[in-house]
Structure formats: structure tokens, C-alpha cells
Amino acid sequence: MVTFREALRQPFIKAGLLMLVVALLLSLAAMMSYPGSYRMKGVLGPGSYVLNTTFDEGYYVENRTLIMHSENASVIVYHGGNLTSHSFSNDTFTLRLYSTPHIIVESGKVNYTYSMSGVRYPYSMLSVPAFILMIVGSAFAMMGYIKFLGEIKGKE
């Protein structure tokens, strides 16, 4: 009966398994995520605005919320293919957004709070070498296994 220890004497099997373990560790590191949030407040007068932030570039945004309040204003909000218009009369309007909002204030002044939450994956590029190591490690392990089986057959 052949043992696993005898199989590990084959250098290709040993190298292949080592590469597979390193690939597993790199892929686990690539999946590490860090949550974050961002909040922006301000007042918008008549005109066109895009609420674009650097938060969008570094994070995968999961939730966007725009809260607007005004005494007397008219606003159009375009986000993710949706067009929403609202006329304020001393009320608050809340929107769940799909993408960066484009706001057109037709009249009046609007107080707004724009908040986002998301996650970032700073080590996601480690998945590329992990994938390459997985392919090469699998090939080495298979080559070693075939060579090992040939050695066993030669002994018999």
C-alpha cells in the first residue's frame, strides 16, 4: 500500500501542493473587505449639479440616499435612468438612488444630505496571481502524480 508521505517525495507533487496552498491564501486575502460611509451636506440654488465624489471611485457603493428639504422649490433628479421631479412646500423628500445623482434646481433653494455606504477590496488584485498559481500548481501536481504512478508501476 502506497502512503501519502511516499507520494510527497515526488518534487512535482510537493511543488504543486505548495502552489495550491499559496493560491488559496492569496485568494482569501483578495476577498478581505473594508466597509465605509460618506456623508455630504449643503445648499443648492437654481442650476444644475452632479453630486460626484471620490468615494464612488474607491468603493463599491451599496446604498445611496438623498434627503432634500426646502420651503419652496422645484427640483428634478436624474439617477440610474430614472427621472424624478418634486415641488417642495415646506417638506422633506427622500430618494434611494441607483447611481450618482444629477440634480436640476429649477427654482428656490434646497438643503440636501447625500449619504453613501459601501465596501472596498484593496487586495483584490491578488486574485490574479492566485489564479495563475492555481493553474500552474494543479498542472505540477498532476505531472507529479503521473510520474509517481509510473514509478510505482515500474517497481511492480
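Guide: Let's start with the outward side of helix H2: the face turned away from its buried side carries the exposed residues Pro11, Lys14, Leu18, Leu24 and Leu25. Here exposed means over 50% relative accessible area, buried means under 20%, and partly exposed lies in between, using a 1.4 Å probe and protein chains only. Leu18 has a relative accessibility of 57%, so Leu18 counts as exposed.

Before going on, a word on what you are looking at: this is a predicted model, where local features need pLDDT of at least 70, side-chain atom pairs count only at pLDDT 80 or more, and totals for chains, interfaces and linings use all residues. Residues are numbered from 1 along each chain as its sequence is written, and side-chain values use heavy atoms, with hydrogens and water left out.

Ile13, Gly16, Met19, Ala23 and Ala30 are buried. Looking down the axis of H2, you find its buried residues within an arc of 130°, so they line one face of the helix; the arc is that of the directions from the helix axis to the C-beta atoms.

How long is H2? With 20 residues, H2 reaches 28 Å from its first C-alpha to its last, close to the 28 Å expected at 1.5 Å a residue. That expected span is 1.5 Å times one less than the number of residues. Helices (H or I, at least four residues) and strands (E, at least two) are DSSP runs, numbered from the N terminus.

H2, residues 11–30, also has a partner: it packs with helix H4, residues 127–155, at an angle of about 160°, with the axes 7 Å apart. That makes H2 roughly antiparallel to H4, because angles under 35 degrees count as roughly parallel, over 145 as roughly antiparallel, 65 to 115 as roughly perpendicular and the rest as oblique. The axes are lines fitted to C-alpha atoms, for helices over the stretch in contact, and angles run from 0 to 180 degrees between N-to-C directions.

By class, the contact of H2 with H4 has 19 nonpolar, six polar and no charged residues. Ala, Val, Leu, Ile, Met, Phe, Trp, Tyr, Cys and Pro count as nonpolar, Asp, Glu, Lys and Arg as charged, and the others, Gly among them, as polar.

Finally, back to Leu18: Leu18 and Leu133 are 115 residues apart in sequence, and their C-alpha atoms are 9.5 Å apart in space.
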